[in-house]
Amino acid sequence: MSTSTRRDAVENRAGILRAATAAIGHDPRASIDTIARRAGLSRRALYGHFDDRTAIVREVIAAGAMRFNAIAAGIDDADSRVALARLASELWREAAHVQAAAALALDDAHLTETSAALAPLRRRIDKIVRRGQEAGELRTDLPAPTLSRLLEETGRTVVSRVDAESSTAREIAVCAVLGIAGLSWTEARHLLAQHPELATS
């Protein structure tokens, strides 16, 4: 295979994934034909890159997980409350663009593979929680692993249930996470007043 042929194959595959992310983001039941049309390819050409729709969905999930993990790796606020708020805010902003695809990745049918792909994000949450509990910034009535899991489940629920078109969606996402972390609604609002970039689009 020549260099130009390999490059075309890589570009076609990337185009399919972009098309699939957009299509599934609009409709989680988007068909192979819909994805192929959006990618500007025939159904047959698409099958030259992926065996079936499930394979495409898996790769869309893996690509999304990589973006989430990269966001988590960039969170370095010293205050664990701000770190959690920033993490929730940035993850929501990423997920809101393709909410249906994000919800699909987090549904029970794909949760095992999504969970494995998001291991770096999970480790970052756990690190923030442990540091926050040691500093007395986060609730300590729950063990760190339990609190970390509750924060993760809260994020999953928010992505699945909150209307991404709402002007307050990002603020709701951040406040939901901070509430589970142990802050009252007034404390969460105060934190957001100090860091308004975390709640604005």
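Biologist: Which residues have the most contacts inside the largest nonpolar core?

Modeller: In general, nonpolar side chains tend to be buried together in soluble globular proteins. A nonpolar core here is a set of buried Ala, Val, Leu, Ile, Met, Phe, Trp, Tyr and Cys residues joined through side-chain atoms within 4.5 Å; buried means under 20% relative accessible area, with a 1.4 Å probe and protein chains only. In this structure the largest core has 40 residues, and L84, L87, W92, L121, L151, L178 and L191 have the most contacts inside it. This is a predicted model, where local features need pLDDT of at least 70, side-chain atom pairs count only at pLDDT 80 or more, and totals for chains, interfaces and linings use all residues. Residues are numbered from 1 along each chain as its sequence is written, and side-chain values use heavy atoms, leaving out hydrogens and water.

Biologist: Which element gives the largest share of this core?

Modeller: Helices are DSSP runs (H or I, at least four residues), numbered from the N terminus. Here α5 gives the largest share, nine residues.

Biologist: What is L151 in contact with, leaving aside its neighbours within four places in sequence?

Modeller: Contact means heavy atoms within 4.5 Å. L151 touches L84, I125, V129, V177, I180 and A181 in this way. A second, separate core has 15 residues, including I16 and L46.

Biologist: At what angle do α4 and α5 pack?

Modeller: Angles run from 0 to 180 degrees between N-to-C directions, and axes are lines fitted to C-alpha atoms, for helices over the stretch in contact. For α4 and α5 the angle is about 155 degrees, with the axes 10 Å apart. That makes α4 roughly antiparallel to α5, a word for angles over 145 degrees.

Notes:
Buried < 20%, exposed > 50% of the residue type's maximum accessible area, 1.4 Å probe, protein only. Helix = DSSP H or I, 4+ residues; strand = E, 2+ residues; numbered from the N terminus. Parallel < 35°, antiparallel > 145°, perpendicular 65-115°, else oblique.
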